[in-house]
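Reader: I'm new to this one. Could you walk me through it?

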Amino acid sequence: MTTHPNPTVITRYADPAADLDEVTVWAVEVHLEGCADCRALVAGSTADDTRALLARVAAGIDDGITTGPAPERRRSWSATPQRWLVWHLVPWLTMTVGVLACAVLLQALTPGLPSLVSLLAPVAPLPGVAIAWSRRHDPAWELIAGTPAAGLTMLLRRTAAVLAVVVPALALASDRAGISLALTLLPCLAFTAATIALGAFVGVRRAALGLGTAWALAVIMPAVVTAELPVVLRAGSSPGWALLTLTLAGFALLRADNFRRLSSHN
Amino acid sequence: MMRTVSADETAPTTHPWAVHAEELRVRAGRHLAVDGLDLALGTGVHGLLGPNGAGKTTLMRALATVVKPAGGRLTLLGEAVDGRADLRRVRRGLGYLPQQFGFYPRFTVREFVEYMAWLKEMPKAAVPGAVQRAIDRVGLTAKAGARMKTLSGGMLRRAGIAQAIVNDPAVLLLDEPTVGLDPEQRLDFRELLRDLGVDSCVLVSTHLVEDVVVACTDVVLINEGRLVYQGTPDDLVTRGGQGDAGDSAAERGYSALLRRHRAEAGR
């Protein structure tokens, strides 16, 4: 804090008729901004009609505040943006959980078949991820695509929202079906990472569709026909899945700028 | 309404043009909608005119960094945005109203503008004030708490303008902002445009030649993805002759320029 200006200088500052050089005026103004005592001095040295004017202005402002609209109350608006996503994902996630429940039930009824839960685990998050990042399903897509927040971070946030439901559901299903947790969750994460990595080139929706179809044709169909669990899902393959997840996730991070623009693929 | 002006808002710019495109080519699907466009825009309100299919919307999308240019150079606020550049910094200084903008029907106007402010990475403390100011500027104060699905077409358009100006953008791109506005709102909107154009670069795409002449400081006319004409509204008015189509001097100038351009292209 600087030293207070001389009271006579303040009196001259407050008096419109007094002649005070500009440099002093600036110095006094800067000091007044931070010093309540000196502001009181200025208020004390003003003329009566100025004080009457100030009182009138204050009364007018008070009146405006009381009669005007009430201030908008503060909400925890960080919850707002998620609301659309939540409503939009509910049907798809319900379907995923329903399919997993059916898989558990079928497995209990037909012990001869290979574990349906572990066969379905890799593709379980794909419908949700595809819907969360699709221009057809997000009405404000073009607006969002032009904002700085658009990009891989936003896709990961939405994917996390999907996984937050799918992963517990899978954990529960694998527990009920009595199969290894690692062999359910790791393929699930690997396929999610693969969708994002492939999505950087062909769009997330197409990537999810392609990967889902490929898995169904190459692994699920033969497994159901031969009634034998495929090699990739047997015990001992989990380090491979973990390595695959890490590689694909790292690859997706390198391609992060492919998600910044509005792409015709999504 | 008052607000504090920060030091970097008053800092001098280091780029000659807010928007600078050289030989810009942008695809819309397979079609090359913008084909070799040269454009330099500084501070002020620029009206973008052109017939249907001239490439106005595609140009707007490229300038908003929403689509990647197929070729040429594009610089916004002194930063190249055509290649694999990091767009975050530039995008913080952009405001964009698409021609058809989707919205979340259950959001209120305030929530919608708040969400967009959050996506534009504004400082958290500045958001409520900026949102209120943007809503006030477009005249939606009384409707701030109404859900988006209950708004009329003109009000939706104004909500869209509010989200575009919420971050006080240095480059503001408005694609057909006057669609659905009644005559009185259009007058208010022209006033807002003049106000915005004082310290930022505003590009307004429209079909209404009258709006451009009254509210803009600069006219940009494009046809088939190329720049046909860039000049002041007063100059546009002098281009038209008695024989040209149009009900006002500006409209005659517009059709005269287009006719001349087509004649030259057809030669």
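Author: First, a term: rings of Phe, Tyr and Trp (its six-membered ring) pair if their centres lie within 6.5 Å, with planes under 30 degrees apart counting as stacked, over 60 as edge-to-face and the rest as tilted. This is a predicted model, where local features need pLDDT of at least 70, side-chain atom pairs count only at pLDDT 80 or more, and totals for chains, interfaces and linings use all residues. Side-chain values use heavy atoms, without hydrogens and water, residues are numbered from 1 along each chain as its sequence is written, and chains are lettered from A and ligands numbered from 1 in the order in which they are written.

Reader: How many aromatic pairs are there over all chains?

Author: The whole structure was searched for them. Over all chains, the count of aromatic pairs is 11.

Reader: Are the planes of Tyr104(B) and Phe107(B) stacked or tilted?

Author: The ring centres of Tyr104(B) and Phe107(B) are 5.1 Å apart. Their planes meet at 55 degrees, so this pair is tilted.

Reader: And which residues form one aromatic cluster?

Author: Tyr115(B) and Trp118(B) make a stacked pair, 6.0 Å centre to centre with 20 degrees between the planes. The cluster is Tyr104(B), Phe107(B), Tyr115(B) and Trp118(B).

Reader: Is Tyr115(B) buried or exposed?

Author: Buried means under 20% relative accessible area, exposed over 50%, partly exposed in between (1.4 Å probe, protein chains only). Trp118(B), at 31%, is partly exposed. Tyr115(B) has a relative accessible area of 5%, so Tyr115(B) is buried.
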